[in-house]
Amino acid sequence: MDVVARLASQSAVVIFSKSTCCMSHAIKRLFYEQGVSPAIVEIDQDMYGKDIEWALARLGCSPPVPAVFVGGKFVGTANTVMTLHLDGSLKRLLKEAGALWL
C-alpha cells in the first residue's frame, strides 16, 4: 500500500495502468484530451507491478486498472472516472488538484 500512496502523491494526476488494457488506454486518452498530463504507472512493466496490483485490489479497485488518483486521493476506476467526466465533476477535481489551469 505504501508504494501506491507514494506514487499517487508524486503528481497531480496518477493513473495506474496496464499497457495492454483497452480501458486504461481510454482513460489515459480522456485525460490527455482534457489537457492534463498524468503520471502513468504501467504496472505490467514495473518491477513491483504485482505488489501494486495487490494494493490496488485492496483499495477496492476491481478490476485493478485503470486506477486514477487526483491530488493524491483515489478517485476510482474507469466507470467512476467516466461518470465524473460526464457530470462535470472531473474538471472541478482536476482544477482543485492543480492539474488543469482553465
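Let's start with Arg 92 and Glu 96, whose side chains meet in a salt bridge, 3.3 Å from N to O. This is a predicted model, by the way, so please keep that in mind throughout. Both residues sit in helix H5, which covers residues 89-97, and they are four residues apart, about one turn of the helix. Arg 92 counts as partly exposed at 45% relative accessibility, while Glu 96 is exposed at 57%.

Why do such pairs turn up? Side chains of opposite charge can pair when their charged atoms come close.

How many salt bridges does the count come to? Four. Let me show you a couple of others.

Glu 33 is exposed, at 55% relative accessibility.

Now please look at Glu 42 and Lys 28, which form a salt bridge at 2.7 Å, N to O. Glu 42 belongs to strand E2 (residues 39-42) and Lys 28 to helix H2 (residues 22-33), so this pair ties together parts that are 14 residues apart in sequence. Are these two buried or exposed? Glu 42 counts as buried at 17% relative accessibility, and Lys 28 is buried as well, at 12%.

One last stop: Glu 53, in helix H3, residues 49-58. Its side chain makes a polar contact with the side chain of Lys 18, at 3.3 Å. Setting aside neighbours within four places in sequence, Glu 53 touches Lys 18, Ile 43 and Pro 64.

Definitions and conventions:
Residues numbered from 1 in each chain as written. Predicted model: local features only at pLDDT ≥ 70, side-chain atom pairs only at ≥ 80, totals over all residues. Heavy atoms only, no water. Helix = DSSP H or I, 4+ residues; strand = E, 2+ residues; numbered from the N terminus. Polar contact = N/O pair within 3.5 Å; in protein donor to acceptor, adjacent residues only side chain to side chain. Contact = heavy atoms within 4.5 Å. Buried < 20%, exposed > 50% of the residue type's maximum accessible area, 1.4 Å probe, protein only.
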